[in-house]
Amino acid sequence: MAYAPSKAYREGLEQYLNAVRQHDVKLWLGDYRLGKVIRMEDQQWAAKEWFPKFLPLASGIEKMARVQSEDVFSQMSSDSMKSKLDISGLPFQFSEFKYYEEAKEWLLEYSSGAFGKQNED
């Protein structure tokens, strides 16, 4: 079982905050296919410290897709993390996917904002 290094994990989540602060993010695709297991203390940090910072910044996001890890232990870690977060009040649509292309397609479907129907690649 491979663990995500705490420092890299936390720095990565801080970069999420910076991206939302600095850019007008409408659609977000989180690709966790190569994700590793998140240590319990990092899950607790993310739920108690990071998520409360992220939520108010996320008001401009319309849709967020998350591609699940290919590693079963990482998937279990992700499920544990979600159980610590109250995602019922997210200000955007959120969905998880097994495959990257499905996540991308869902994100690019019609959204209520300025995006409308997207052209195919």
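Modeller: A charge sits over a ring if NZ of Lys or CZ of Arg is within 6 Å of the ring centre and within 35 degrees of the ring normal. This is a predicted model: local features need pLDDT of at least 70, side-chain atom pairs count only at pLDDT 80 or more, and totals for chains, interfaces and linings use all residues. Residues are numbered from 1 along each chain as its sequence is written, and side-chain values use heavy atoms, without hydrogens and water.

Biologist: What makes K63 a charge over the ring of W106?

Modeller: The charged end of K63 is 4.4 Å from the ring centre of W106. The limit is 6 Å. R66 also lies over a ring face, that of Y32, at 4.1 Å from the centre.

Biologist: Why is the pair of Y16 and W28 called edge-to-face?

Modeller: Rings of Phe, Tyr and Trp (its six-membered ring) pair if their centres lie within 6.5 Å; planes under 30 degrees apart are stacked, over 60 edge-to-face, the rest tilted. Y16 and W28 are 4.9 Å apart, centre to centre, with 75 degrees between the planes. So the pair is edge-to-face.

Biologist: Which parts does this pair tie together?

Modeller: Y16 lies in helix α1 and W28 in strand β1, so the pair ties together parts 12 residues apart in sequence. Helices (H or I, at least four residues) and strands (E, at least two) are DSSP runs, numbered from the N terminus.

Biologist: Why does W28 count as buried?

Modeller: Buried means under 20% relative accessible area, exposed over 50%, partly exposed in between (1.4 Å probe, protein chains only). W28 has 11%, so W28 is buried. Y16 has 21%, so Y16 is partly exposed.
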